[in-house]
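Have the structure open as you read.

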Amino acid sequence: MKLIDTHAHLEDIEPLDEALTRAEQAGVTKIITMGVDRKSNQWALNESSKHARLSLKIYPALGIHPSWIDEQRVDADLEFIEENISKIIAVGEIGLDYWYKTVRKDEQKKNLQRETFRRLLEVVKKHKKPVSIHSRGAWTDCVDIAIEIGVEKAVFHWFTGSLKDLKKLLDKGYYVSATPALSYSKEHKSIIENTPLDRILLETDSPVMYQGESSEPSHVLKALYCVAELKKEKNEIVAQITTENAKKVFGF
Ligand SMILES: [Zn+2]
């Protein structure tokens, strides 16, 4: 099986090279490492490819995570992304996050997130890049803004929004990505159950913790097994289809 981890944060994985060896052994052939701020964007662009192997390629994406927007730096960070747009596979991780009460009640913070998200999506649209979108607690706004701006290729990563929002994004031809959280998250399961296989990608968001255990790119297998079980399909078939989907979206 050939697998693609379409959303990881490799700079946060320790020790990285051992984790990448396990990924290679698990059949992972490509990983997209997401930038979330200035430091991780620099790492993704300049360092990540040094960890690639003969049969495991690493691709940088640059972004500004909604939870890590630095108002003083946002113009410079946007400029950095656009200057390097030809060197990256996608824009990400970008989006909105209203999950925490402190943000939910703070209109100023939400406005800054929305404004930054819109500016980033304009860059995505202008350069016809795919985008990986974080939408926790802000699912409807994320879907509506992506549609309004007219982004062509979008992946709603680890999507857990409503079925109504899911329908809107699928109608636009967008994708969702499945994480190992499928083994326990009702919301994520319901999304994947209601998404056709030809719109599903796999990812780990590693090293994010799932039920107390930190993850790594080889755990894309866990996402695969869960999707296969939900879809009552063979692992090999799901691997093949989701890998084809990823190739279609990111143009590897
Ligand atoms: Zn992420």
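1. The largest pocket holds about 630 Å³ of space. A pocket here is an open set of points on a 1 Å grid over the protein atoms alone, where a 1.4 Å probe fits, with protein on both sides within 12 Å along at least five of seven lines. Its volume is the space filled by probe spheres set on the points, which are joined across faces, edges and corners.

2. Before going further: this is a predicted model, with local features needing pLDDT of at least 70 and side-chain atom pairs counting only at pLDDT 80 or more, while totals for chains, interfaces and linings use all residues. Residues are numbered from 1 along each chain as its sequence is written, and side-chain values use heavy atoms, leaving out hydrogens and water.

3. Back to the pockets. About 230 Å³ of space lies in the second largest pocket. Its lining residues (those with an atom within 4 Å of a point) include Pro66, Ser67, Asp97, Tyr100 and Lys109. Which helix gives the largest share of this lining? That is α5 (residues 107-126), with four residues. Helices are DSSP runs of H or I with at least four residues, numbered from the N terminus.

4. By class, the second largest pocket is lined by five nonpolar, three polar and three charged residues. Nonpolar covers Ala, Val, Leu, Ile, Met, Phe, Trp, Tyr, Cys and Pro; charged covers Asp, Glu, Lys and Arg; the others, Gly among them, are polar. The largest pocket has 10 nonpolar, eight polar and five charged residues in its lining.

5. Now the helices. α9 (residues 220-231) packs against α10 (residues 235-250) at about 110°, their axes 9 Å apart. Axes are lines fitted to C-alpha atoms over the stretch in contact, and angles run from 0 to 180 degrees between N-to-C directions. The pair is therefore roughly perpendicular, a word used for 65 to 115 degrees. Leu224, Tyr225, Val227 and Ala228 of α9 make the contact with Asn235, Val238 and Ala239 of α10, where contact means heavy atoms within 4.5 Å. Six of these residues are nonpolar, one is polar and none is charged.

6. α8 (residues 186-193) also packs with α9: their axes come within 10 Å and cross at roughly 60°. On the α8 side are Lys189, Ile192 and Glu193, which meet Val227, Leu230 and Lys231 in α9. This contact has three nonpolar, no polar and three charged residues.

Definitions and conventions:
Helix = DSSP H or I, 4+ residues; strand = E, 2+ residues; numbered from the N terminus. Parallel < 35°, antiparallel > 145°, perpendicular 65-115°, else oblique.
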